[in-house]
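Subject: Two-chain model, interface notes

Hello,

Please find the structure below. My notes on it come after.

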Amino acid sequence: GTAGGTAGEDGKPRETCLDGRRGRGADLVCRQFFEETWMEPGRKKTGIVASNVVPGLRRVLCATGPPRSTLGLSLEWHQDIHTMDRWSKNRWESFLLYLLGAMKQPWKDEDGAEREAFKKMETLTEQAELVKVSRKEGTLTVTEKGFQFLLQQQSEQLWLLLQCCLMELAGKDEQVVTMLSLLLESSCLPPGAGGVLEQKKNEERKLLRVLSIMGLVMMETREDTLYFFTPMTALLCSGQSVQQQGAGVQGHRVVVETNFRLYAYTSSRLLVTILTMFCREVYRLPALFVGELNREAAKIAFRQGIKASQVVSFLRRYESSGNIESVLPENVVQQLFAWEDELNRVRLQDAVLYQDFTSDGALYESVLRQANESQHFLWKDGEHMQVVVALPAHRQISEFIKQSSSRGK
Amino acid sequence: MVVAKKGVLLTCDPTVKVFVMQMNEKKSPDKKFVLADLDETHLFVHKSAAEEVRHQVEQFLDKNTYQKPDNVEDY
């Protein structure tokens with residue numbers, strides 16, 4: 001229902017008119033607050049209310065404005081949470097796809113500021129060693145750390161990027177504190193809350209622009225004066241509990257069968273791109289991706305730096321407690337680890353072999369002790385008096401041997 | 001007088017070690033890469049041969065693993 005009232009200064013009771021269409025709750029409220037009510041012709045219920053009650057009553061009945069936040073800040077309010085939620089998820093996906101090289105240009109051509117902000121994020125991710133940027137071709141290649149990053153939980157990913165942001169954007173310690181308090185405030189507020197950009201300090205404004213790339217903050221594009229925190233900010237402080245609640249991650253389902261077939265019920269480009277990192281694509285439909293975990297694809301993934309344990313924990317996130325079909329089969333897990341071990345069948349390390357200690361048992365023992373202390377010891381043979389040490393320790397040990405033999409002479 | 005040799009320490013299981021030794025036998029005397037036979041699971045080889053050894057071992061493992069044919073796509 002809607003309520004309109006006239007505000008006066010003399011403290012006398014005000015008249016408040018209520019529209020006929022209201023629910024039961026409003027009825028109860030009316031009975032509480034109205035001193036007198038009567039039905040007007042045309043289904044308008046009118047009542048007299050004490051003036052000090054009018055603001056609270058308006059809020060309760062209208063339910064469009066926020067209560068004043070407990071943190072004592074003045075808040076702006078975004079009306080449409082669902083659109084905002086969709087926008088922020090889309091934004092996050094485009095950002096990650098851009099990193100993966102699967103999306104060339106997430107920004108519109110005419111939007112210079114957007115492009116700048118994306119380039120800034122690129123630099124940040126490069127500093128975090130997640131991607132390597134080739135300036136000449138303008139392409140991004142994902143590093144080993146980057147691949148591992150892609151398989152992590154979204155909250156971990158967000159915090160890793162935010163850490164880089166804070167280190168990069170903040171010159172002084174006080175600025176870091178301001179920015180951190182802005183972040184923590186965002187996760188405590190209800191979703192859709194926001195504020196006016198001008199009221200924020202310089203470093204907060206920079207941080208907000210970066211956050212808008214990741215989908216955590218939505219800027220009012222027309223005038224760029226308002227900002228709103230999206231529902232994604234809940235992930236900042238909640239850890240993993242939101243995502244591990246059974247029904248799959250945010251509506252996607254991934255099922256792995258004992259014949260190594262993988263079925264992903266999703267239309268998310270990002271999820272499909274990540275799955276193709278370690279499995280072979282069989283079919284790709286608008287809402288379904290069918291893949292197969294085979295030796296070749298798994299080995300390509302392992303060579304790029306992804307660990308089998310990460311693939312397993314990534315797939316396990318999609319297990320749902322009520323559904324026995326969604327449990328990751330044991331044979332698939334063991335086979336993934338077996339394929340990873342195949343790559344480690346032969347281990348090669350740069351090293352130095354010390355031989356011919358000839359009758360100098362004491363020197364052999366002391367070299368052994370040196371090697372152990374330097375943490376570079378690799379192999380020894382007491383019978384033939386041979387020691388193998390990793391290459392970084394070579395200079396130190398050869399110096400030591402020269403000194404000992406010259407002392408002995 | 002202690003002698004220091006620079007190279008690459010190769011750690012593997014006995015089967016692969018035998019394979020690498022065979023590889024070494026087949027090479028001509030000036031191209032032999034095994035500098036020292038340390039024990040059942042360790043070899044000391046020349047740095048230049050390291051990548052070739054890794055590559056050959058992978059091929060050997062690939063040959064001896066059954067792979068389901070990929071192009072049979074049913075249902």
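The notes below concern the interface between the two chains.

This is a predicted model, in which local features need pLDDT of at least 70 and side-chain atom pairs count only at pLDDT 80 or more, while totals for chains, interfaces and linings use all residues. Residues are numbered from 1 along each chain as its sequence is written, chains are lettered from A in the order in which they are written, and side-chain values use heavy atoms, without hydrogens and water.

In chain A, 36 residues are in contact with 34 residues of chain B (heavy atoms within 4.5 Å). Together the chains bury about 3,200 Å², with 50% of it on carbon and sulfur atoms (accessible area, 1.4 Å probe, lost on being put together and summed over both parts).

The rule finds 4 salt bridges across the interface (a side-chain nitrogen of Lys or Arg within 4 Å of a carboxyl oxygen of Asp or Glu). Lys47(B) forms a salt bridge with Asp350(A), and their closest N and O atoms are 3.0 Å apart.

Several elements of chain A each supply at least two residues of the side that touches chain B, among them α13 (330-343) and β15 (347-355). The largest share of that side, 9 residues, comes from β15(A) (strands are DSSP E runs of at least two residues, helices H or I runs of at least four, numbered from the N terminus).

β15(A) also pairs with β1 (residues 3-11) of chain B, antiparallel, over 9 bridges (pairing requires at least two DSSP bridges between the strands). Within β1(B), Lys6(B) is the bridge partner of Val352(A).

Regards

Conventions: Buried area is the accessible area (1.4 Å probe) that two parts lose on being put together, summed over both.
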